[in-house]
Amino acid sequence: MSTALIIVDIQNDYFPNGKMELSNPEKAAANAAKVLNWFRQNNKDNIFHVQHIASDPGLGFFLPNTEGVKLNEAVLPLENESIIIKNFANSFLKTQLESKLKEKGITNLVITGMMTHMCIDATVRAAVDLGFETTLIEDACATRDLPYQDKVVPADQVHYAFVSALNGMYANVISTEDFLQQNN
């Protein structure tokens with residue numbers, strides 16, 4: 001199969017009491033786990049976990065050697081699953097992700113993870129720029145409220161603005177349920 005699963009930054013700092021708590025990360029992680037389980041049963045050799053480790057302590061989260069930087073228990077990798085370490089929003093930038101995918105002849109990506117408006121957006125756009133056909137499982141992603149000047153854009157509006165912008169031109173955006181039904 002020339003399809004791989006990319007799980008981006010489902011890490012403890014995004015969960016309650018983390019240093020960058022998102023809106024409903026548990027729901028997104030549970031959906032990502034459903035997609036991960038499908039891959040483990042049907043395409044186990046093409047699973048990639050992406051872990052962001054802050055190279056600048058000023059980021060304030062994903063700091064090395066903290067609980068927050070660890071991959072969340074909902075999607076913990078198995079021994080045979082690849083872990084890609086990144087230091088930027090784009091999962092391809094200065095990582096081995098592209099070369100590992102090409103080594104395996106991967107042409108299609110299924111992407112899940114966190115944060116929709118940052119690392120998911122950057123990764124999906126980069127994937128397409130690199131020639132990958134991309135599916136984004138939108139309800140297996142999460143983001144947060146974003147302040148701008150004296151306004152706050154609610155997380156659900158941020159999320160849907162970004163996934164709707166990606167839909168069509170950059171990715172086939174679908175739900176977990178639709179993905180699982182289409183691949184049964």
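Visitor: What sits over the ring of Tyr-170?
Guide: The charged end of Arg-125 does, 4.6 Å from the ring centre. The rule for a charge over a ring is NZ of Lys or CZ of Arg within 6 Å of the ring centre and within 35 degrees of the ring normal.

Visitor: And what am I looking at, a predicted model or something else?
Guide: A predicted model: local features need pLDDT of at least 70 and side-chain atom pairs count only at pLDDT 80 or more, while totals for chains, interfaces and linings use all residues. Residues are numbered from 1 along each chain as its sequence is written, and side-chain values use heavy atoms, with hydrogens and water left out.

Visitor: OK, aromatics. How many aromatic pairs are there?
Guide: The count comes to 7, taking rings of Phe, Tyr and Trp (its six-membered ring) with centres within 6.5 Å; planes under 30 degrees apart are stacked, over 60 edge-to-face, and the rest tilted.

Visitor: How do the rings of Tyr-14 and Phe-61 meet?
Guide: Their centres are 6.0 Å apart and their planes are at 50°, so that pair is tilted. Tyr-14 is in the loop between S1 and H1 and Phe-61 in the loop between S2 and strand S3 (82-86), so the pair ties together parts 47 residues apart in sequence. Helices (H or I, at least four residues) and strands (E, at least two) are DSSP runs numbered from the N terminus.

Visitor: Are those two buried or exposed?
Guide: Both Tyr-14 and Phe-61 are buried, meaning under 20% relative accessible area; exposed is over 50%, partly exposed in between (1.4 Å probe, protein chains only).

Visitor: What about Tyr-14 and Phe-62?
Guide: Centres 4.9 Å apart, planes at 75°, so they're edge-to-face. Tyr-14, Phe-61 and Phe-62 form one aromatic cluster.

Visitor: Switching topic: which residues touch the most other members in the largest nonpolar core?
Guide: Of its 30 residues, Leu-5, Ile-10, Tyr-14, Phe-39, Met-114 and Phe-179 do. A core is a set of buried Ala, Val, Leu, Ile, Met, Phe, Trp, Tyr and Cys residues joined through side-chain atoms within 4.5 Å.

Visitor: Which element gives the most to it?
Guide: H1, with 8 residues.

Visitor: What do the buried residues of H1 pack against?
Guide: Strands S1 (3-8), S2 (47-52), S4 (108-114) and S5 (133-142), plus helix H5 (176-182). Contact here is heavy atoms within 4.5 Å.

Visitor: And what does Phe-179 touch?
Guide: Val-35, Trp-38, Phe-39, Val-110, Ile-137 and Ile-174, not counting residues up to four places away in sequence.
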